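Work through the exercises below with the sequence and the coordinates at hand. Each task is followed by a stepwise solution.

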Amino acid sequence: MATSSHDVTVIGRGARVRGRITGSATLDIQGLVDGEILVDGDLTVGETGMVASDLSGRRVVVRGAVKGNVTGEESVHLEDGAKVVGDVRAPRIAIAPGALVRGFVQTAGAGAARPRTTAAAKATTTATRPAAAHAASTASAAKPAVVPAARGSVPRGATLAGTNHANHTGAAPVAKKGPPPPIVPALKKGAKGALAKKR
Amino acid sequence: MASTIIGAGITIEGEITTDEDVLVQGTVRGKLNAKDGVVVEHGGVVEADVTGGPLTVSGSVTGNISSTDRVDLQPGARVVGNVKATRITIADGAQFKGNVDMDV
């Protein structure tokens with residue numbers, strides 16, 4: 001065969017593989033693979049190729065469908081017609097027009113933290129920790145709209161966030177979402193009088 | 001050119017199902033179901049039950065073989081397992097252990 005000299009592996013378009021594919025050859029997937037793919041060589045998912053699991057290779061080129069994480073040691077190219085549902089990670093990533101991606105995409109030098117975690121941290125500081133939130137510059141933009149309405153006082157600018165300490169600590173719990181705080185402490189009728197009598 | 005090629009250096013653990021022909025130069029563990037021809041080249045290792053059309057073995061097959069067509073064991077082939085096929089040839093120099101079931 002002409003191909004026997006090369007280390008090329010082809011999963012033909014009529015083929016279906018259920019299970020792991022590992023090794024160090026160049027892999028060309030035109031069929032269906034349901035299982036993890038780990039190769040050291042180049043990996044191509046052709047137009048008719050479908051992979052329903054994670055895959056990783058040196059240089060990964062996707063023209064077909066992938067449902068799983070795509071990891072490239074060197075690069076990942078998502079060409080026209082590619083459909084990827086999963087995370088994409090590689091030092092270099094190219095997404096061509098016509099390629100569809102749903103997932104987290106990260107190239108080298110983009111930092112370790114996911115943007116989702118910072119957004120979540122911002123939400124918790126504004127919602128659950130209003131007293132401490134005035135220190136955060138990100139939260140100050142939301143405050144001026146809330147504070148005047150709750151206090152019924154003079155409108156304040158965003159720059160006031162750091163200066164007016166007492167007002168913010170007092171007003172912020174009102175701005176908190178959820179059920180309003182109890183107005184009267186839960187004491188039985190006549191309990192206050194009983195306390196006074198004891199003294 | 002075979003439509004599905006398991007190249008040397010590649011290992012597939014699991015089930016391969018295809019309605020086309022398969023060329024094995026690497027390693028396959030599990031099951032190999034092909035409707036068309038299967039060729040296990042020299043250096044190819046199949047540790048699986050194989051079903052398909054005409055089967056040519058120059059490498060190693062451990063597992064039962066069932067073919068709708070002929071099975072050819074080439075010199076250097078090593079087959080351990082039962083073989084069921086319409087016609088079977090075993091070349092001089094091929095190693096084989098197992099039952100043979102031909103349509104008589």
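**Exercise 1: strand pairing across the chains**

Describe how strand β2 of chain A is joined to β2(B).

Step 1. β2 of chain A (residues 15-23) and β2(B) run antiparallel and are joined by nine bridges; strands are DSSP runs of E, at least two residues long, numbered from the N terminus, and two of them pair if DSSP finds at least two bridges between them.

Step 2. Within β2(B), I16(B) is the residue opposite V17(A).

The model is predicted: local features need pLDDT of at least 70, side-chain atom pairs count only at pLDDT 80 or more, and totals for chains, interfaces and linings use all residues. Residues are numbered from 1 along each chain as its sequence is written, and chains are lettered from A in the order in which they are written.

**Exercise 2: the side of chain B that touches chain A**

Count the residues in the contact and sort those of chain B.

Step 1. On chain B, β1 (4-6) and β2 (10-18) each supply at least two residues.

Step 2. The largest share, nine residues, is from β2(B).

Step 3. By type, this side of chain B has eight nonpolar (Ala, Val, Leu, Ile, Met, Phe, Trp, Tyr, Cys, Pro), five charged (Asp, Glu, Lys, Arg) and eleven polar residues (the others, Gly among them).

**Exercise 3: surroundings of L32(B)**

List the contacts of L32(B) beyond its neighbours within four places in sequence.

Solution. L32(B) is in contact with I16(B), V22(B), V38(B), V46(B), A48(B) and V50(B).

Notes:
Contact = placed C-beta atoms within 7 Å. Helix = DSSP H or I, 4+ residues; strand = E, 2+ residues; numbered from the N terminus.
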